[in-house]
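I set out to record how the secondary structure elements are arranged in this model. The entries below follow the order in which I looked things up.

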Amino acid sequence: MPSRDATTHWVGGLNSGKGEVTLDSSNAGTFAVSFPTRAGNPDGQTSPEELIAAAHSSCLAMNLSGVLESHQLTADSIDVSAEVTLGPAKGGGFEISGIAITLRASIPGVTAEQFAEYAETAEKTCPVSKALAGTTITMDAALA
């Protein structure tokens, strides 16, 4: 499996500085980042937390589709949102204090109980969930 990479160029101090993160592998774009927009109003800029949310939501959607395929099922739709929260860390600094996942799917012929099992399996085996295991991850999963 391939690796993927991104690069950030930063200039200045934490509160007065700014940077740009470039998605190198895909060449999908360059995005502005700064600490004031990370800790406050995004004002059109991304943040590490938003990028983690994008990675987590897309990985979980793909992983659920794989779990379903292993049961010879295909979803009509899967919608995943991830809310990544930045908060103060004990001892100073900041930490990702939690990730709240909302998962909705339309899967013909699947009961709520079956879906709960598939969703739990998908979350537990999701590579991004595994990478973020040190963070509290909650999931609200339901059929649409």
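**Entry 1: Helix α3**

I began with the face of α3 turned away from its buried side, and found that it carries the exposed residues E113 and K124. I note for the record that the model is predicted.

I then listed the buried residues of α3, which are F115, Y118, A119, A122 and E123. I checked their placement around the axis: they cover an arc of only 130 degrees, which puts them on the same side of α3. I recall that an α-helix has 3.6 residues a turn, so residues three or four places apart point the same way.

What covers the buried residues of α3? I found that the cover includes α2, β5, α4 (127-131) and β6.

I also checked the length of α3. The helix has 14 residues and reaches 20 Å from its first C-alpha to its last, close to the 20 Å expected at 1.5 Å a residue.

**Entry 2: The sheet**

I next looked up the strand order. Three strands form an open sheet, ordered β4-β5-β6, with mixed pairing. I noted that β4 (77-88) and β6 (137-143) are at the edges; each has a single partner strand, so one side of each is left without a neighbour in the sheet. From one strand to the next, I read an average twist of 10 degrees.

In which sense do β5 and β6 pair? I found the parallel sense for β5 (residues 94-106) and β6, over seven bridges. Within this part of the sheet, I located I99 opposite I137 in β6.

**Entry 3: Helices on the sheet**

I turned to the helices that lie on these strands. Helix α3 (residues 112-125) packs on the sheet and touches β5 and β6, and its direction makes about 145 degrees with that of β6. Helix α2 (residues 48-70) lies across β4, β5 and β6, and I read its angle to β4 as about 145 degrees.

**Entry 4: T46**

My last entry concerns T46, which I placed in the loop between α1 (35-39) and α2. Is T46 buried or exposed? Its relative accessibility is 9%, and buried means under 20%, so T46 counts as buried.

I then looked for its partners. The side chain of T46 makes a polar contact with the side chain of E50, at 2.6 Å. Setting aside neighbours within four places in sequence, I found T46 in contact with V21, F31, A32, V33 and L51.

Terms used
Residues are numbered from 1 along each chain as its sequence is written. This is a predicted model: local features need pLDDT of at least 70, side-chain atom pairs count only at pLDDT 80 or more; totals for chains, interfaces and linings use all residues. Side-chain values use heavy atoms; hydrogens and water are left out. Two strands pair if DSSP finds at least two bridges between them. Helices (H or I, at least four residues) and strands (E, at least two) are DSSP runs, numbered from the N terminus. Axes are lines fitted to C-alpha atoms, for helices over the stretch in contact, and angles run from 0 to 180 degrees between N-to-C directions. Contact means heavy atoms within 4.5 Å. Buried means under 20% relative accessible area, exposed over 50%, partly exposed in between (1.4 Å probe, protein chains only). A polar contact is a pair of N or O atoms within 3.5 Å; within protein, one must be able to donate a hydrogen and the other to accept it, and residues adjacent in sequence count only if both atoms are side-chain atoms. The expected span of a helix is 1.5 Å times one less than its number of residues. The arc is that of the directions from the helix axis to the C-beta atoms.
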